[in-house]
Amino acid sequence: MSVDQAEIEKIAQLARIRVAPSDIAELTERITGILDMVDQMQAVDTAGVEPLASPLNASQRLREDQVTETDRHGEFQGIAPATESDLYLVPKVID
Amino acid sequence: MSDAYWETVIGLEVHVQLATESKIFSGSATTFGASPNSQASAVDLAMPGMLPVLNEKAVRYAVMFGLAIDADIGHRSVFDRKNYFYPDLPKGYQISQFDHPIVGRGHVQIQLGDGSTREIGVTRAHLEEDAGKSLHEDFHGMSGIDLNRAGTPLLEIVSEPEMRSAEEAVAYLKTIHSIVTYLGISDGNMAEGSMRCDVNISLRPRGESEFGTRTEIKNVNSFRFVEKAIQVETERQMDILEDGGSIVQETRLYDSDRNETRSMRSKEVANDYRYFPEPDLLPVEIEDSYVAVLRESLPELPAAKRERFESQYGLGSYDAGVLSGERVIADYFEAVAASGDAKAAANWVQVEVLGALNNSDLSMSDCPLPATELAALIGRINDNTISGKIAKQVFEILWNEGGSVDAIIDSRGFKQVSDSGALEAMVDEVIAASPEQVQQYLAADEGKRKKLVGFFVGQIMKASKGQANPKLVNEILAAKLDAAS
């Protein structure tokens, strides 16, 4: 299986990673290499094998529904680039 | 063409906020309306190294919902990451569930305006975390982010595309609302966003088995808007199809001010959430014994209650539906019906109580009139202390000023006049003052007399300010008029 340049650009966009046009050729080759390895694994017969959601043979421990956190927004906002009226400020994004 | 030709196909995705004290994956509070970011912990903010720990109550509530809709409960439930970038989602992914949801296929019964019922399939319901809130007011050209809501537990309930009209969709939504509030797993407060709804809608010629192309209307947050959004979107699609056009599969927004739907700005890249199993959470095992205990603890649900109201109290299916729709209304009705007159209780609750609540824009939980007082009021009608007409006056006073039924009847002198001496005097007076009507009465045959007697009763009720015992008045009148002949 191989990926083309358009797919690399789409993945980069979804992951919000800026990829320089000069790097695309090399990335295409390397990701194709990774996918070849996946193809190899796909060739194994897994009929009757449950997909693995976690490599640990254990189940999730649950916590009681209790409020254990206190208001620490002052501390958290101390390291934020911009805040106002207790809100974090970010560049405007309307989706 | 138009309505007779096209069939509307509707499916709903309902997000229900679960009524837990703390968030689904952290110990932050979930209180509505707290000051910005005061309930956002390091986990909710996605600080490096923070790990989610699942809230047992969120799991319990989801299982309870599953049992209530007769669904398969996933014995092994898996969380997945749904990846997308948005400033109110600090991790860059939402923890949700993809192919092992906690609740599998189930169904609910909806009731329509004519009292008939229909079954609607629920495809699945899964647990997920809510995102924060973005405020786009002017912060010097920036957006403000409040992460208090980030991590609030949601149950997303996905229906089968089995609804065929706005009425059915609203009935379905009301049924879901009624089930989750009966179970107490959500406050169901739509104004505060505790229940939000995405509507999938498409049209196809009647008799066609393939679905048409659908649009999704996001985040509709009231029963009325769901109804209106479906109506205008149906018309929009119909116009396009009848002009020979085709529907674009897209996400739309309902604008209630203009009563129209419009396309959300199309994204450069179509949604591609790249789901994969959440490595920070292990699969959740749900034991049979856990489910069995919850099954035992389920309250009587709306559909069962409606049927019981019909059989136990002899109510019609519409009345039973209204009275069982909300648990607080049902409990109130039953408390009033305990006085013994269920039919009167059903009437008073539906007409007077729900009417008065509606007029003052209150919900049942704010009802100022205790059920015991309404029961006492019905008791006083039935034991002939007051007439039904006076009872409405007493009701108004109780509603607006409070107090007790008997004290109001005493202090206002509302007591029905059942003293036959006093009533006879009144009857005599009216007869003496209406010689013409008496002559008419005497000249009339048996059948007509019954009608004419109404005039005298009316006069006496007027003279007594509605306080004469109507049964006694009728008896005395009949005797006196017949004696005059």
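This is a predicted model: local features need pLDDT of at least 70, side-chain atom pairs count only at pLDDT 80 or more; totals for chains, interfaces and linings use all residues.
Author: Residues are numbered from 1 along each chain as its sequence is written, and chains are lettered from A and ligands numbered from 1 in the order in which they are written.

Reader: Happy to start with the interface: how much area do chain A and chain B bury between them?

Author: The size of an interface is often given as the accessible area lost when the parts come together. Here buried area is the accessible area (1.4 Å probe) that two parts lose on being put together, summed over both. Contact means heavy atoms within 4.5 Å, and on that basis 39 residues of chain A and 54 residues of chain B take part. Of the buried area, 61% is on carbon and sulfur atoms, and the total is about 4,100 Å².

Reader: Which element gives the largest share of the side of chain A that touches chain B?

Author: Helices (H or I, at least four residues) and strands (E, at least two) are DSSP runs, numbered from the N terminus. A polar contact is a pair of N or O atoms within 3.5 Å; within protein, one must be able to donate a hydrogen and the other to accept it, and residues adjacent in sequence count only if both atoms are side-chain atoms. Between the chains there are 19 residue pairs in polar contact, both residues being at pLDDT 80 or more. On the chain A side, two or more residues come from each of α1 (5-14), α3 (73-78) and β2 (87-91), and the largest share, five residues, belongs to β2(A).

Reader: Which residue of chain B forms a salt bridge with A:D65?

Author: A salt bridge is a side-chain nitrogen of Lys or Arg within 4 Å of a carboxyl oxygen of Asp or Glu, and two of them cross the interface of chain A and chain B. One joins A:K10 to B:D272 at 3.3 Å, N to O. The bridge from A:D65 has its closest N and O atoms 3.5 Å apart, and it runs from the loop between α2 (24-42) and α3 of chain A to helix α2 of chain B. Buried means under 20% relative accessible area, exposed over 50%, partly exposed in between (1.4 Å probe, protein chains only); both ends are buried, and the partner is B:K57.

Reader: On which side chains does the side chain of B:D44 make polar contacts?

Author: B:D44 sits in the loop between β1 (6-17) and α2 (56-68) of chain B, and its 7% relative accessibility makes it buried. Leaving out residues up to four places away in sequence, its neighbours in contact include B:K23, B:Q39, B:P90 and B:A150. Its side-chain polar contacts are 2.9 Å to B:S26 and 2.6 Å to B:S28.

Reader: How many residues of α3(B) are buried?

Author: α3(B) has 18 residues and reaches 26 Å from its first C-alpha to its last, close to the 26 Å expected. Just after α3(B) comes B:G184, with a positive phi of about 75 degrees. The helix is mostly covered, and the buried count is 15 of its 18 residues.

Reader: What is the phi of B:D361?

Author: B:D361 is found in the loop between α9 and α10 (371-382) of chain B. It is exposed, with a relative accessible area of 71%. Its phi is positive in a residue other than glycine, near 60 degrees.

Note on methods. Side-chain values use heavy atoms; hydrogens and water are left out. The expected span of a helix is 1.5 Å times one less than its number of residues.
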